[in-house]
Structure formats: structure tokens, C-alpha cells
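Take a look at the structure below.

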Amino acid sequence: MARLEYKYLVSNQYLDSIRKDLMPFLDYDKFASVQPNKEYTVRSIYFDTLDLICYYEKLSGLKERNKFRVRGYNEPRGNDTVFVEIKRKSIDYISKDRVKILFSQLDAYLNNDMDSEIFDEFSTEQNKFELPSNFLYYYHMHQLKPKTLVTYEREAFECRFGSNLRVTFDKNLRTAKAIKLDELFNNTFSDYPLSNFFILEVKYYKALPFWMPELINKYHLQRQSLSKYAFSIDESVLRKNTLNKIKRVY
């Protein structure tokens with residue numbers, strides 16, 4: 001089901017006070033709540049064409065566009081699972097095709113070895129085969145290749161009153177050029193595009209609870225089009241300075 005997703009660039013100096021203001025309404029999600037620091041590490045390798053079609057579609061503001069990535073979490077423990085994802089944007093609405101797979105079998109999957117074991121988090125037989133095929137269709141048709149590694153720490157919250165609202169703080173964004181999938185769990189980075197800032201994301205399906213706009217107004221947050229993938233291409237591939245192009249809130 002598609003949902004709305006709004007993003008705000010916020011100075012780190014407001015992190016603690018915003019968290020304090022939100023906690024009467026939110027709980028940490030089930031993944032963050034079991035972590036010692038109530039946060040987990042998100043690791044993504046993004047795919048694009050040779051001429052960076054996905055990147056330039058984002059820059060041009062194309063209303064209907066896709067991003068392609070492999071996503072893993074935290075540190076490798078052996079026998080790790082990852083998610084192969086198509087993130088679809090349609091105007092303001094976001095949806096995902098998401099397939100869970102063993103990291104060790106990723107190359108086999110991308111090479112059309114459908115005997116590789118697919119751990120589909122969606123239980124229906126249709127999705128079990130349809131979603132893996134969707135990614136492979138784009139992967140081979142556009143000859144997608146790994147481009148960048150994007151890593152950050154995420155504090156993730158869910159509304160404690162059942163509104164399906166989800167709020168995340170994405171912190172310490174760091175990137176590096178990536179050409180191989182086995183770089184997903186690397187901890188060597190060349191760039192920190194949003195030093196001193198974090199991205200606050202608000203995700204919901206129908207309407208915001210009244211207290212969320214009040215918080216946005218209190219801190220004078222400005223909704224912006226913020227793409228971690230575009231930041232990573234700017235900094236790690238094209239060597240541009242990201243912060244010169246976006247609005248900052250102090």
C-alpha cells in the first residue's frame with residue numbers, strides 16, 4: 001500500500017528536544033527497541049544505469065520514478081539476509097517491492113538463478129515469484145550496476161495510538177562509491193554529505209495526528225525533497241557539495 005513520505009533536514013542541535021517532544025506519542029519500533037542505543041544501521045547499495053538515469057530523473061523532478069537498491073542492516077554476522085528493493089515514487093506517494101534473500105545468494109539471484117532460495121517476507125505464492133521477477137526485469141533491461149554505498153544510523157518510531165504514522169531520524173549519513181555488492185557491509189567511507197544534520201522522515205497513509213504539524217511548526221521545519229541516493233552520487237561520484245544545494249535549518 002502506497003503511503004505519503006515527507007522529509008525535513010534538521011540541525012543535530014534539535015535532535016534531543018524533538019525526540020523529547022515526540023516521545024509522549026511514539027514508541028521505538030520493534031527493531032530499534034532491542035538495540036542498545038535504540039538505533040540500527042541501515043546499509044544500501046544503489047543501482048543505476050551507466051548514464052545515471054535514476055539520478056537525473058530525481059534531479060528533474062519526474063513525478064513517476066523508481067530507485068533500485070540492496071539493503072542490509074547492522075554488522076554482518078554470517079548467513080546474513082538482505083532486501084532487494086524497488087522504491088517507487090508516484091507524486092508524493094511511496095511504495096516498495098521488497099524481496100528478502102540470503103546475502104550469499106545475491107549474485108546467483110541477479111544472474112537469473114531462480115533456484116536460489118528466496119525468503120519472501122510476503123507469504124502469498126504470487127508475491128513469492130512476482131516480486132523477485134520485477135527487480136530482475138529492470139536489472140537486466142536497464143543493465144543496472146552498483147553505484148554507491150549509503151549508510152546511516154536510524155532511530156525509528158511508530159505511533160503508540162495505532163495511526164500507522166512512522167517517524168524516523170536518519171543520522172550520520174556516509175557514502176562511498178561502490179562497484180561490487182560485497183561492499184554492502186564495508187565501513188570505509190569517503191564522504192559525509194550532511195555533516196551536522198539529520199533527516200527527519202514522516203510516513204503516513206491518510207492524515208497526520210494533530211501533534212505532528214504542531215511539532216513541525218514549533219521547529220520551523222521545511223519540507224524538502226531529500227534523496228540520500230542523490231546526495232551520495234553528488235559527493236562520491238560527481239564530487240559536488242550537497243549542502244550548497246539544499247536549504248538548511250539552524
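Is the crossing of H2 and H6 left-handed or right-handed? The crossing is left-handed. Keep in mind that this is a predicted model.

## Helices H2 and H6

Two packed helices are described by the angle between their axes and the distance between the axes. Helix H2 covers residues 53–60, and helix H6 covers residues 228–237. They pack at an angle of about 110°, and their axes lie 10 Å apart. That angle falls within 65 to 115 degrees, so H2 is roughly perpendicular to H6.

H2 brings Cys-54, Tyr-55 and Lys-58 to the contact. H6 brings Tyr-229, Ala-230, Ile-233 and Asp-234. By class, 5 of these residues are nonpolar, none is polar and 2 are charged.

## Helices H1 and H5

Helix H1 (residues 15–22) packs against helix H5 (residues 211–218). The angle is about 160°, with the axes 11 Å apart. Angles over 145 degrees count as roughly antiparallel, so H1 and H5 are described that way. Their crossing is right-handed.

From H1, the contact uses Ile-18, Asp-21 and Leu-22. From H5 come Trp-211, Met-212, Leu-215 and Lys-218. This contact has 5 nonpolar, no polar and 2 charged residues.

## The second largest pocket

The second largest pocket holds about 600 Å³ of space. It is lined by 28 residues. Closest to its centre are Lys-58, Arg-65, Lys-89, Ser-225 and Leu-226.

Several elements each supply at least two lining residues, including H2, H6 and strand E4 (64–73). The lining divides into 10 nonpolar, 6 polar and 12 charged residues.

Key: Residues are numbered from 1 along each chain as its sequence is written. This is a predicted model: local features need pLDDT of at least 70, side-chain atom pairs count only at pLDDT 80 or more; totals for chains, interfaces and linings use all residues. Side-chain values use heavy atoms; hydrogens and water are left out. Axes are lines fitted to C-alpha atoms, for helices over the stretch in contact, and angles run from 0 to 180 degrees between N-to-C directions. Helices (H or I, at least four residues) and strands (E, at least two) are DSSP runs, numbered from the N terminus. Angles under 35 degrees count as roughly parallel, over 145 as roughly antiparallel, 65 to 115 as roughly perpendicular and the rest as oblique. A crossing is left-handed if the near helix is turned anticlockwise from the far one by less than a right angle, and right-handed if clockwise. Contact means heavy atoms within 4.5 Å. Ala, Val, Leu, Ile, Met, Phe, Trp, Tyr, Cys and Pro count as nonpolar, Asp, Glu, Lys and Arg as charged, and the others, Gly among them, as polar. On a 1 Å grid over the protein atoms alone, a cavity is a set of points where a 1.4 Å probe fits but cannot get out, and a pocket is an open set with protein on both sides within 12 Å along at least five of seven lines; lining residues have an atom within 4 Å of a point. Grid points are joined across faces, edges and corners, and a volume is the space filled by probe spheres set on the points.
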